[in-house]
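Subject: Structure handover

Hello,

I am passing this structure on to you, with notes on what was found in it. Please read the notes with the model open beside them.

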Amino acid sequence: MSKKSTHLIAVLGALVGLLWLFPFYMIVTNSFKTPKGIFASVLALPHPSTGRNYVNSFKALHFIGSLTNSLIITVCGVLLIILCSSMAAYALQRNHSKLSGALLLLFISSMLIPFQSVMIPLTANFGSVHALNMWGLMFMYLGFDCSLSIFLYQGTLSSIPFAMDEAAEMEGASRWQIFYKVIFPMLSPMTVTVAILNIIAIWNDYLLPSLVLPQAQYTIPLQMFNFFGEYTKQWHLALAGITLSIIPVILFYLAAQKWIIKGVTDGAVK
Amino acid sequence: MVQINLDHIYKRYQGNTDYSASDINLAINEGEFIVFVGPSGCGKSTTLRMIAGLEDITKGDFKMDGKVMNKVAPKDRDIAMVFQNYALYPHMSVFENMAFGLNIRKNDKADTKKRVEDAAKILGLTEYLKRKPAALSGGQRQRVALGRAIVRDAKLFLLDEPLSNLDAKLRVQMRTEIAQLHQRLGRNFIYVTHDQVEAMTMADRIVIMNEGRIQQVGTPAQLYNEPINKFVAGFMGSPAMNFFKVKIEDGFAVGEDGLKVAIPEGQLKVLQSKGYVGKNLTLGIRPEDIHVEEVALQTFPDAIINATVEVSELMGSESMLYSRTGTTDFIAKVNSRDYHEPGDTLKMAFEMSKAHYFDDETEETII
């Protein structure tokens, strides 16, 4: 590739990068503006700049409480999905019966069912067993999200030779030990992928929690809705709230960066 | 060490009508190195897996020291196994891989450490104990797989084509190391391979299999010199034995395409007594028993054929002459001094005292 085309690609890449960063610029800069400042110029840098929005947003969101709720639901929900779907995929992949094949197809086909078509009967059923709370919500997420996760895990498992299981079995490992000591660690790259997909989906979800959660267990996205009334939209507080809600995700990314990159790139090269 | 008996063992997989292994009947003595050899799909790995407990036995009994083990779980059989693809756990270090079985069995940690270090010393892996399998070469990975089996100190070691993923040079080296390991440990080894050279060089006894059945059991020399049938004769030896369709006429083995060689008196008597005179049969002669040097042509004047060299391979100390007489292709393994170019027509002498004869219908050995 010539030097000229390399430079051209670099410039194009930088432009695409800036395009991706632009929403973050909008959110962060406007979160430091007064309501008047936002309407005066959305694109301009904050002048005068105020940190008041963060204090007010923090209070209005009941940030510590809603962050805790979001964290509990996301972390527990994702762990539950990873645990159940990896075990289910392992059982389905290693068992070559017709029933296993049929069950796998059933899981995969369930991905095609639109959430909106089942949300009312689902909440009615959970309501009847007094499970319209964060714990019930986690089980709903498990039901909705494990099919894709099983599908993903199943693909990875098919590339792990059965000799691994047999070697561990010969060494004296039980079926459970084979799974959690040998197979599950080998699924790490896919576990990272499954975790990212589900963390994003659950952390940002609004509709299902709005149907299920009592006010005391509201997550950050639900609390954010308080800034958007019928007649007024408090953009300055909402944008500060969005910035606050992004921070845990960024911290998660920084902490798990090594694993995420490994998970996404694993298998890309020999 | 353990006495092992396979008593009329059969294996049929679900949905199959045929048996993958039929009437496997074998007694293995204490400390013996047994090699199962045969072409792909002959049932050797199936038999090994039944011994390991990884496959159910459809019929028959597998016994260790007289005790029927059919229903005993693999982990309780006191058997260690080395897999074809090594089956090393990629997320564990070499030490953890080797210690896995002992840790699972909650062995004393200090003892585990000692055993792993001892095994690593034997296999030359001491400096690699902290590495992950991905950072090892093929030969080192193979050693780790062996090490994992050694530390268990099991009664019986099963090795399923353990060298098939290695390059030729390393394979020769590891072959020697495994043979030395067997001598050192004094345990029973059962080794599966499709490579008859591995079988010949390592085994105390070879079990040669074909189409799910044991064809012959014997020492490498027995199988090479006294094959029980045409399959064994053709399988053992590299290059393989040459076969010629002949008829016995007036003390000669006569082929349809001009081959005519005298049969030694002793062999002729046996063929006559068994009623093979005038009948079609197969003459087998090994490539190394075909000679082109002048002295051999003078020594065996009544066993000379005319042949054309089609391909010749100079192997260093010897040459392979891929030749044709009439319509029959055969190989002669000659000294490299007697190298001939493709297209050369020459006389070749059969050393008939080393010839084998096989019944055309049953393919069993006559002599």
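**A bent helix in chain A**

Helix α6(A) bends by about 30° at A:Pro121; the bend at a residue is the angle between axes fitted to the seven residues ending there and the seven starting there. Helices (H or I, at least four residues) and strands (E, at least two) are DSSP runs, numbered from the N terminus.

Before going further, two notes on the source. This is a predicted model, in which local features need pLDDT of at least 70 and side-chain atom pairs count only at pLDDT 80 or more, while totals for chains, interfaces and linings use all residues. Residues are numbered from 1 along each chain as its sequence is written, and chains are lettered from A and ligands numbered from 1 in the order in which they are written.

Helix α6 of chain A covers residues 115–128, and its 14 residues should span 20 Å at 1.5 Å a residue; the expected span is 1.5 Å times one less than the number of residues. The end C-alpha atoms are 20 Å apart, which agrees. Of the 14 residues of α6(A), 0 are buried, so the helix lies largely in the open. A residue counts as buried if 20 or more other C-beta atoms lie within 10 Å of its own, as exposed if 12 or fewer do, and as partly exposed in between, with C-beta atoms placed from the backbone. After α6(A) comes A:His130, with a positive phi near 55°.

**Where the chains meet**

Contact involves 14 residues of chain A and 17 residues of chain B; two residues are in contact if their C-beta atoms, placed from the backbone, lie within 7 Å. On the chain A side, α8 (162–171) and α9 (175–186) each supply at least two residues. The most comes from α8(A), with 7 residues. By class, the side of chain A that touches chain B has 9 nonpolar, 2 polar and 3 charged residues. Here Ala, Val, Leu, Ile, Met, Phe, Trp, Tyr, Cys and Pro count as nonpolar, Asp, Glu, Lys and Arg as charged, and the others, Gly among them, as polar.

**Chain B**

Chain B has 10 helices and 20 strands, and its C-alpha trace spans about 75 × 45 × 35 Å along its principal axes. Of its 367 residues, 41% count as buried.

The chain is divided into domain 1 (4–235) and domain 2 (242–359); the bounds come from an automatic or database domain assignment. Taken over C-alpha atoms, the centres of these two domains of chain B are separated by 39 Å. Their contact takes 4 residues from domain 1 of chain B and 4 residues from domain 2 of chain B.

An open sheet of 4 strands in chain B has the order β2-β1-β4-β5, with antiparallel pairing; two strands pair if DSSP finds at least two bridges between them. Its edge strands are β2 (21–28) and β5 (67–68), each pairing on one side only. Strand β1 (residues 4–11) of chain B pairs with β2(B) over 5 bridges, and B:Asn5 stands opposite B:Ala27 in β2(B).

Further along, β17 (residues 318–325) and β18 (residues 328–335) of chain B pair in the antiparallel sense over 8 bridges. They form a hairpin with 2 residues between them, and B:Gly326 in the turn has a positive phi of about 60°. B:Tyr322 stands opposite B:Ile331 in β18(B).

Regards
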